[in-house]
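I opened the model today to look up a few things chain by chain. My notes are below, in the order I took them.

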Amino acid sequence: MIADYLKLAIDGIMHRKLRSWLTMVGIFIGIIAVVALISLGQGLQKVIDEQFEMVGGDRIIVTPGGGTFGAIGGSFVSAKLHKSDLDVIEKVRGVDSAVGVIIATGNVKADDKRIVVSIFGAPTDPKYQKLLRQIDFFAVDEGRYLKEGDKYKAQVGVRTRDFFDTDIGVGDKIKLEGIMFDVVGKNKKTGNPFHDSKITIPIETAQELFNKSDEYSSIMIKVEKGSDIDEVAENIKEKLRRHRGVKEDEEDFTVETAENVVGVFKDVFSLVTGFLAGIAAISLFVGGIGIMTTMYTSILERTHQIGIMKAVGARNSDIQLMFLIESGMLGLVGGIIGVILGLLLSKFAEYLVVNYGGIDIFRVYASPELIIGALLFSFLVGCFSGYLPARRASKMHPVEALRHG
Amino acid sequence: MNPRLLKIKRMEPKIETEPIIELRDVWKIYKMGDVEVPALRGLTMKVYPYEFVAIMGSSGSGKSTAMNMVGCLDVPTRGEIYLDGEDISKLDESDLAQIRGRKIGFIFQTFNLMPGLTAIENVMLPMTFQDIPRYQREKRAKKLLEEVGLGERMYHKPTELSGGEQQRVAIARSLANNPEVILADEPTGNLDSKMGKEIMEMLSKLHSGNGKTIVMVTHDESLSRYADRIIHLRDGKTI
C-alpha cells in the first residue's frame, strides 16, 4: 500500500514542479547549513585534537604580557621574560624541564628574493634540545637538528619553499637579516602553516640578530609525569608573580596550558557553531512552514480528488497517510539536495582552507550519522509540517469534496 | 406512494427477498447559517437485489441527496439506512468508506477519474483501498478494461481519452471490487446521444448479464425505459 501512496505522492509533487522546488528550497537551505557546519566543525575538531596531541597535553607555555593570546600580544608589550624567570620556573614543583625560545619575524634572502618569515630561536644546549626534540613542530625530517656550537645554521620548514623559486634543501644557503646561514635540516611537515614556514636558528644567534640578549618570547615547560598540569600552571604563576613583584590579576605574563589554548578555540568555535545552528534551525522552521503552506494549497486544489478517493473507498487514515507521505517526501528530497549541496559546500571550504589558509591537515568530516540524521530530520520536518494539512484532508466530507471544483 | 407511478417488472421470487438498500423515514437537513434547509423530508424507499431502479425528479427534488444516502457518501440527520440489512446511518466516515468501497460502485456524470492516473491505475484505485495485492489488482483491472473495450487504451490518462472512453473507465472502476450495487448519477449527462446510448447499453448489460443491482439518478425521461422501476422524488420524498 505504501508503495501506491508513494506513487500518488510523487505524482502530486511532479504535477506541481515549480511549487515543489520552491518549497524544498526552504528545507534544503537549512540542511545545507547544518551539514556544512557540522562537517566543518567535526573536521576542525579533529585538527584541533591533532594539534593538541602534537603540542602535547603536558606542556605549559609562558609568554610576556597579560592577554589571553599571550603569544600574539607578547611582541607588543614592554614586559619581557628573562633567564631569571626561566630559572624560577625550572625550580617549580612538578616542572620536568623548561626552555626559553625566541619567536620573531625576520627578513630572509635567498636567490635574490626578500621575504619576511617567522624566526624561531631555539637553544642548542643538549639539556634543552632534549625537550625540544619531543615537540612535533621542531622535529627534523631531513638533515640534522641544530646542535651545540652551531651559530649560523638553520632548520627550515617544508613551506619555506613557497617563498622561493627553488626548493630550499639541506646544504643550501639562505640570507637572514643580512647574514648567510647554512641549512642543516628540514623540519617535518606539521600541516600548521605557522610551523611549516618558520626558520629555526640557534637562540643565541637570534638574540644577537634581534637585539634580545637575555630575553625570551616564550618559555615552554614540560610537566613531570603524574603531576596535575593545572596545579603546576598555578604554581608557576604564583612563583613568577613573587619573582617579578606583581599582584594577582595584574600579571605582566601569561601562563597557558595546551588545554587552555585549545579551549579558547573550542569556545569560540562552539559559539560560532551555536549561532549558525540557530540560524539553521530558524531556516528549517521556516522551511517547515513552507511545506505546510504548500500542503494546504495542494489539498485545497485536490479537494475534488480527495472526494473521488473517498467515494471509491479511501478511509480517512488512507488519505492522511497519503498526504503525510507527500509532505515527508518534500522534506526528504529537500534533505537529500541539502546534504549533497552541504557536502559540496564544506568540501569547497576545505579547498579554500587548505589552498589559501595553508592548513594542509584540515579535512571536513561528514560522519554517516550526520548524513542519516540530516535526512531523517528533513523527512520528519516534512511529516510534522504535513500533519495538520493531512488531517484536514482526511476529515473532508466526501459529498462536499466531490462537489468542489 | 402512488402505485400508478411504480413500473413493477420484478419477478415474483425477488419480492420475497430482503431489500439490499432500504431508507426508512430519512431526513437530511442542511444548515445554511441560521436557516435549516431540509433536502430530504422522510424519504422511505427500498431497492431489491438485481433491480434496475431509476430515481427521477427535477432539480431540488432531493435526488442527489438521496443518491448520497444510498451510496453511503453521507449519513442522514434522522432516520435509518440499511445496506444488506446493516444499519449504516450511525457509522463513522472510515467505516462508511470501507463499506462503499466494497459494496457500491459509483458512476458519475462528470466521470470523476483521477487526472494524474492512467486508466488502469484509476480502475485499480478502489482495490488499493481494500488492501488487495498489486498483481491481483492489475490482473482484474486489465480484464475489466478489456470488457469495456478499452484494452488498447489502458495506459492513457483521462485527458487523453474521449468522454465516452472516460465513462467506460469509470464503469470498469465501479466494478473493481465486484460490488453488488452500481450507483449511476446522471451517467449520460456529459455525453452526446450516441455515446450516452452506448453507456446505457453497457449498464443494461451489467444488470441483465452480470446481475448487478443498479440505481440510477437522472432527470432524463428517455433513460427511464432502461429501468425496471422508477422512483419519483419531489420535495425530498417519494411521490
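These entries cover the chain contact, the cores, the sheets, some helices and a few single residues.

**Entry 1: the model and the chain contact**

I am working from a predicted model. I began with the place where the chains touch. I found 21 residues of chain B in contact with 19 residues of chain A. Two helices of chain B, helix 3 (93-103) and helix 4 (119-128), each supply at least two residues of the side that touches chain A. Helix 3 of chain B gives the most, with 7 residues. I also sorted that side of chain B by class: 7 nonpolar, 8 polar and 6 charged residues.

**Entry 2: nonpolar cores**

Next I looked for buried nonpolar residues. In soluble globular proteins, nonpolar side chains tend to be buried together. The largest nonpolar core here has 117 residues. I noted the members that touch the most others: A:Val35, B:Ile55, B:Val123, B:Leu145, B:Leu183 and B:Val215. Helix 2 (residues 17-55) of chain A gives the most to this core, with 14 residues. A second, separate core holds 44 residues, among them A:Val99, A:Ile119, A:Phe137 and A:Phe138.

I then followed B:Val215. Which residues is it in contact with, leaving aside neighbours within four places in sequence? I listed B:Val47, B:Val53, B:Ile55, B:Val70, B:Val181 and B:Leu183.

**Entry 3: the six-stranded sheet of chain B**

I traced an open sheet of 6 strands in chain B, in the order 6-7-8-3-9-10, with mixed pairing. Its edge strands are strand 6 (104-107) and strand 10 (237-238), and each pairs on one side only. Inside the order, I checked strand 3 (residues 52-56) against strand 9 (residues 229-234) of chain B. They pair in the parallel sense over 4 bridges. B:Met56 stands opposite B:His232 in strand 9 of chain B.

**Entry 4: the four-stranded sheet of chain B**

Chain B also has an open sheet of 4 strands, in the order 2-1-4-5, with antiparallel pairing. Strand 2 (35-47) and strand 5 (86-87) of chain B each have a single partner strand, so one side of each is left without a neighbour in the sheet. Strand 4 and strand 5 of chain B run antiparallel and are joined by 2 bridges.

I picked B:Leu83 from strand 4 (residues 78-83) of chain B. Its bridge partner in strand 5 of chain B is B:Glu86. Is B:Leu83 buried or exposed? I count it as buried, because it has 24 C-beta neighbours inside 10 Å and the cut-off is 20 or more. Beyond four places in sequence, B:Leu83 is in contact with B:Ile21, B:Cys72, B:Ile88, B:Ile99 and B:Lys103. I also took the C-alpha distance from B:Leu83 to B:Gly71: 9.4 Å, at 12 residues apart in sequence.

**Entry 5: two helices of chain A with a buried side**

I checked the length of helix 8 (residues 229-244) of chain A. At 1.5 Å a residue, its 16 residues should span 22 Å, and the end C-alpha atoms are 22 Å apart, which agrees. A:Val232, A:Ala233, A:Ile236 and A:Leu240 are buried in this helix. They cover an arc of only 100 degrees around the axis, so they sit on the same side of helix 8 of chain A. A:Glu231 and A:Arg242 are exposed on the other side. A:Gly245 follows the helix, with a positive phi near 70 degrees.

Helix 4 (residues 83-91) of chain A came next. Its buried residues include A:Asp85, A:Leu86 and A:Ile89. Their arc is only 100 degrees around the axis, which puts them on the same side of helix 4 of chain A. The face turned away carries the exposed residues A:Lys83, A:Ser84, A:Asp87 and A:Lys91.

Most residues other than glycine have a negative phi. B:Phe111 has a positive phi of about 65 degrees. It lies in the loop between strand 6 and helix 4 of chain B. With 22 C-beta neighbours inside 10 Å, B:Phe111 counts as buried. B:Asp235 has a positive phi of about 50 degrees. Its loop is the one between strand 9 and strand 10 of chain B. B:Asp235 is partly exposed, with 13 other C-beta atoms within 10 Å.

Terms used:
Residues numbered from 1 in each chain as written. Chains lettered and ligands numbered in written order. Predicted model: local features only at pLDDT ≥ 70, side-chain atom pairs only at ≥ 80, totals over all residues. Contact = placed C-beta atoms within 7 Å. Nonpolar A, V, L, I, M, F, W, Y, C, P; charged D, E, K, R; others polar. Expected span 1.5 Å × (residues − 1). Buried ≥ 20, exposed ≤ 12 C-beta atoms within 10 Å, placed from the backbone. Arc of directions from axis to C-beta. Core = buried A, V, L, I, M, F, W, Y, C linked by C-beta atoms within 7 Å. Pairing = 2+ DSSP bridges.
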